[in-house]
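I opened this model to go through its chains one at a time and note what I looked up. The entries follow in the order I made them.

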Amino acid sequence: MGKSITISGVFIYLRLVQEPFRDRSKLWWIVLGVILGGTIALVASLIILAARSSSGLGIPVVVGTILFGVSMLVVGLFRTLLIRQGTFSPRIGTLFLVGITCLLGVITIPVSIFILPAGWFDLWTVFVMGGVAIGIILLFLYSRYSWLKERGSPGLLTITGFLMVLAIIYMTVISYWIVPYDPADINVGPILWPPHPGFPLGTTSLGQDLLSRTIAGGGIMLQVAFLSVLICFFVGVPLGLLSSFRGGTLDRVLSLIMDAIFAFPGLILAIAIAAMLGPGVINMALAIAVVYIPSYFRVLRSQVLTIKELPYVEAAKALGARDRDTMLGYVLPNALPSIIVVMSINFADAVLTAAGLTFVGLGLPIDVADWGWDLTFGWHQLITGAWWVITFPGIMIVLLALGFTLVGEGLNEILTPMLKE
Amino acid sequence: MPNLLEIHNLSVEYKTRLGIARAVDNVSITLDENKTLGLAGESGCGKSTLGRAIIRLVPYPGRILEGEILLNLDEDVPYENGVVEKGQINLLQLDDDQMRALRGKKLAYIFQDPMTSLNPMERIGKHFVEIIKAHEPDTPKEDAQVRTKDLLEALDILPERVLDYPHQFSGGMRQRVMIGLGLTLTPQLLIADEPTTSLDVIVEAQILNLISDLKDKFNLTMMLITHNLGVLAETADSIAIMYTGRIMEIAPTEALFESPQHPYTQALLQSVPDVRKPDRKLSWIPGSPPSLTEPIPGCMFRPRCPHAMEICEMEPPPLIKSASGGIVACYLYEGS
Amino acid sequence: MPLIEVKNVMKHFPVQKGFLDTLFTRQKEFVKAVDGISFEIEEGEVFGLAGESGSGKTTMGRLIVRLIDPTAGQILFAGQDIAKIRGKQLRLLKRRLQFTFQDPYSSLNPRLTIGNAIADALRLQGIGNKSEQKQRTKKILERVGLSPASSFYDRLPHQLSGGQRQRVVFGRAIILEPEFVVTDEPVAMVDVSVRAQILELMKDLQDEYSLTYLFISHDLATARHICDRIGIMYLGKIVEIADKDQIYTDSLHPYTVSLMAAIPVPDPKAKKGEKLPKGEIPSPINPPSGCNFHPRCPKTFERCAEEEPALREVKKEHWVACHLYD
């Protein structure tokens, strides 16, 4: 399965290579293709290796989510066909897709109950989340060619990053069901054994299975990343909006505070705050959020200051708009796109900072399976020649951060010409 | 006397998200020495792109596809690795170093917006001295400064302002400086892209007077790009009308206004108000030009043309001699 | 009673200074954009306000519709002083006084469909429910020539040409059925071949909705074509007001004379050679003493530097502010 996706991915790249949009070198395209193909192949092989899991439900979960995803793809194809024929308008078509997906979700309930009567809810959640992730991957690979063509290589960057992230999310979501051993269990295998049959990625110094840890270790990181982005957004954006709109003393004071925070080196500040707050997912997210809020604030503020002076905002005032109306209806929607770029870079940074915090010993209790911990321990093991403990989790961190970064880069490139236009 | 500039079958295209746009499509023009050619047309007709293609400064994502731009160079021009020889040369065959040697010295270009075309960190005098030094590095500084002061006098700028910064000049003064910079090395060809569009009426008139004085004084050949036909009526010897990247008509100025041949020219002239005749009925051209990324077969003006015929849909009309002494691209005159 | 009466209106913008300058200098500088202007606009006419940049014409337009507040003076609309209205009253006033902006590219919200952009006028004023707003918007779209309305309703501004966008701008201005519309350079940024169409639309709308226009422009050729009367502004003051014929054939103020002479005419045989005033428009922060134009005026004399001339009606319906005619 991994191979076919990789092949079709490469196929799409080859088609596009024939008409490069930006004058990127062929090398650039190849590297991008390798990165994406490599990620998906890696994720796929990990899943395949692991599917024969302890709970015995590994294969049904993988198959189930793939079926879900394929059904979404079929519905998506149907929708495209109907839109082309004119039966559906694009808006109704999307509603159709969403509706059928929800229907699929509902159908899966009895299926989950049947398979695992005791914990059917967890299983059902996995089916839906994993299935949607696979579905989005498949739909993108099929239907987004025209969008890619229009956007050119920046679109490709965004899609590549997006797919990488989705693949890792998928793997993390189904991780509970496919891991051969509980990632936190110690002494399931011999201590510090290199990769060999039975333990495809080797074992750690506590006898934990590295494959299980690699598959499951992303969960905390993703939670922290998403949570911190959410906090940043709902604090940074309103503050930025208020500050630039009201101006005056409030603006000056807030800008001063934000600049002060911004001047601090990010990781150090995060460490300081995490040390104060103590371990835990929410505390880690808060620590990272504090470091990042100034970016949101500044970007939004500068966008608002520019947009606020544009004629169409004044035109709204001429029609009788109050400050509140112009702020929410006219300025904010036009300022938000640049925030999206900040958000994706924030994701990437949050992942790396979370790894960093755990590496330093802050943030999580020691028995939670997390790539950060593997980095810490693996670092010490390198001297003894045990290269595998740090490598595989390390690669996954890099790929996750890279994925988010590509999304941000691509969006940045897409938005800049749009603004010029 | 051979032509100063001959453009043959020039095409420039832009790669955009929506496709490939032919900004300049198979354009051929000649410029006579010591004459002013007006390049007129509405937004998006390709006139600016044409001007920039001549000095080979077409911005990315545009590129020159094909064609020749033949300049009759009046002397040898040295550059880093040699000399660009006197005589007729094809500008599109020169490399970057050679083109750079020609730009400023033999080909001058004035940009539209004088507000942002000057370096705000440098005094005005330094702008001039820099240009002189760049092309004639052996000139002693004092000579360069004297030349600068003379030039400023010719531009009606007080010589003591040589120490001022650009932001201390008004828009009209800055445009004079731009013109002066263009003329510092007495080029053969001056291309001005909408030089007075961003200026007020009275300043515009002052600048146009200045340009016509300098034209005589420096024996200039000029290409004036603008959408304002009134300006061209005053300053141009002949006018070329462009539409969607193609030349529709070229004629001597008086002939163009008195007996416009191409239907587009006729319609255009009827939609330009004349301040002396406020009661004359203004007309307009219904519809809008086809998108450059989706050109239509045949004549691009056909959908809006009151005289459209079947043949107009098939092939773009070739440029043929017109009754007014110029050339026109229209099937109405085929066979006459 | 004239529909609009402007009485001695002034608008002085404080000059932004750097932090240190505010510390050390006591004097505040002002840009005297509008410096004591009085005129009247009759109901049903198209009154043109012409001048070059820095003349204050755009500021004047914005003042009349209260997009900005005057520093001093009265603005009477149908006899009522609106110079100091605020809050809800001001919002209601906007139903009767509208403003169209110059640049059709940046005066439309790029994220709103043009249908929603026009309907927003109703929404912001709290008129009608959603479907009523949509209906009225569709009618307006048809009215301004964007037909079929159902197809144009959902289009985004970047999908329209300049001329079409300008129609949307007008549609948005008249959907509230105002009595008075200020149009700021309505065709300056529209292609020449389409301008007359927009002007024709303006005239039609005027007949249909009984509108009165204030037409702000630097393009006197277009202004003469569409306006009934024209006022010439220079550096924050009105120098001459006359009907569209007199202002050209019988220009009295030296500035008006040079302005008219400088306009490029699409006729190569037109006579040139009028003497142009020297120099350029001085800064509105430090206008010259006495008559603003005296440093550049070819007919200046002693009194001009000392005393500011008042705007007087020297002939029937022909006003000028110049000591030559005192």
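I began at C:Ala78, which counts as partly exposed because it has 14 C-beta neighbours inside 10 Å. The cut-offs I used: a residue is buried if 20 or more other C-beta atoms lie within 10 Å of its own, exposed if 12 or fewer, and partly exposed in between, with C-beta atoms placed from the backbone. C:Ala78 sits in the loop between β4 and β5 of chain C. Its phi is near 50°, a positive value in a residue other than glycine. I note that helices (H or I, at least four residues) and strands (E, at least two) are DSSP runs, numbered from the N terminus.

Conventions. The model is predicted, and local features need pLDDT of at least 70, side-chain atom pairs count only at pLDDT 80 or more, while totals for chains, interfaces and linings use all residues. Residues are numbered from 1 along each chain as its sequence is written, and chains are lettered from A and ligands numbered from 1 in the order in which they are written.

Entry 2, strands around that turn. I found that β4(C) and β5(C) form a hairpin with two residues between them. Two bridges join β4(C) to β5 (residues 80-81), and the two run antiparallel; two strands pair if DSSP finds at least two bridges between them. In β5(C), C:Asp81 is the bridge partner of C:Leu76. Strand β1 (residues 4-14) of chain C pairs with β4 (residues 72-77) in the antiparallel sense over five bridges.

C:Asn8 lies in strand β1 of chain C, and its phi is near 50°, although the residue is not glycine. I logged C:Asn8 as exposed because it has 12 C-beta neighbours inside 10 Å.

I checked omega from C:Ser147 to C:Pro148: the peptide bond is cis, with omega near 0°. C:Pro148 is in the loop between α5 (130-143) and α6 (149-153) of chain C.

I looked up the contacts and got 33 residues of chain C against 36 residues of chain B; two residues are in contact if their C-beta atoms, placed from the backbone, lie within 7 Å. Helices α8 (192-209), α9 (220-226) and α11 (254-262) of chain C each supply at least two residues of the side that touches chain B. Which helix gives the most to that side? It is α8(C), with seven residues. By class, this side of chain C has 16 nonpolar, eight polar and nine charged residues. Here Ala, Val, Leu, Ile, Met, Phe, Trp, Tyr, Cys and Pro count as nonpolar, Asp, Glu, Lys and Arg as charged, and the others, Gly among them, as polar.

I counted nine helices and 14 strands in chain B. Its C-alpha atoms fill a box of roughly 65 × 50 × 45 Å, taken along the principal axes. Of its 336 residues, 46% count as buried. Among contacts in chain B between residues at least 6 apart in sequence, 61% join residues at least 24 apart.

Eight strands form an open sheet of mixed pairing, in the order β8-β9-β10-β3-β11-β12-β14-β13. At the edges stand β8 (107-110) and β13 (320-321), each with a single partner strand, so one side of each is left without a neighbour in the sheet. I then followed β9 (residues 189-193), which runs parallel to β10 (residues 221-226) and is joined to it by five bridges. In β10(B), B:Ile225 is the bridge partner of B:Asp193.

In α3 (residues 124-135) I found B:Ile124, B:Phe128, B:Val129, B:Ile131, B:Ile132 and B:His135 buried. Seen down the axis of α3(B), the buried residues fall within an arc of 155°, so they line one face of the helix; the arc is that of the directions from the helix axis to the C-beta atoms. What covers them includes α4 (141-154) and α5 (171-183) of chain B.

I counted 17 helices and zero strands in chain A. Buried residues make up 45% of its 421 residues.
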